[in-house]
Amino acid sequence: MNQLFESKAIYRIEYELILNVQKFRADRGWSQRVLSGKMGLTGAFVGNCESLDQDQKYNVRHMGILKKVFAFESLDDFFPNGIPKDEQIVIKYKKVPKKKADGTDSKLMENVVVDIVVVDAETKAEGNKQNKK
């Protein structure tokens with residue numbers, strides 16, 4: 001499956017937050033469902049936030065919950081490399097089969113980022129319109 005997909009326009013800070021939460025979660029050995037449970041949310045919540053196919057993303061309220069779950073002292077701890085630029089991006093990705101423990105392909109798919117394109121727009125709606133052209 002070599003079809004290329006594109007996310008809707010999102011702010012780089014949203015994308016960096018997703019990547020960093022994935023790392024913090026993986027460092028603790030937690031699955032998406034485990035983190036969702038620790039947050040007191042539905043089992044699919046974190047998976048939806050981490051998926052480029054879904055509109056659901058973390059918001060400020062979720063950051064407060066995640067701060068407690070990860071025992072962070074400050075919201076700055078979410079961005080160990082500094083706050084990302086305030087720009088919109090579109091993520092181009094392909095879907096590939098996840099690997100099973102034995103190395104064979106699973107029926108489940110995961111997204112692999114191919115490219116990140118900066119969108120010159122003031123709002124997400126404007127960014128998504130530009131992306132469709």
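Predicted model: local features only at pLDDT ≥ 70, side-chain atom pairs only at ≥ 80, totals over all residues.
Residues are numbered from 1 along each chain as its sequence is written. Local features need pLDDT of at least 70 and side-chain atom pairs count only at pLDDT 80 or more, while totals for chains, interfaces and linings use all residues; side-chain values use heavy atoms, with hydrogens and water left out.

View 1. (A pocket is an open set of points on a 1 Å grid over the protein atoms alone, where a 1.4 Å probe fits, with protein on both sides within 12 Å along at least five of seven lines; lining residues have an atom within 4 Å of a point.) Of the 19 lining residues, Gln 32, Glu 50, Ser 51, Glu 110 and Asn 111 are the closest to the centre. Helix α1 gives the most to this lining, with five residues.

**View 2. The β3–β4 hairpin.** These strands (DSSP E runs of at least two residues, numbered from the N terminus, as are helices, H or I runs of at least four) run antiparallel and are joined by eleven bridges; pairing takes at least two. Ile 91 stands opposite Ile 116 in β4. Five residues separate the two strands, and Gly 103 in the turn has a positive phi of about 90°.

**View 3. Arg 12 in helix α1.** Arg 12 counts as buried because its relative accessibility is 18%, and buried means under 20% (1.4 Å probe, protein chains only). Leaving aside residues up to four places away in sequence, Arg 12 touches Pro 84, Lys 85, Glu 87, Ile 89, Ile 116 and Val 118, with contact meaning heavy atoms within 4.5 Å.

Conventions
Buried < 20%, exposed > 50% of the residue type's maximum accessible area, 1.4 Å probe, protein only.
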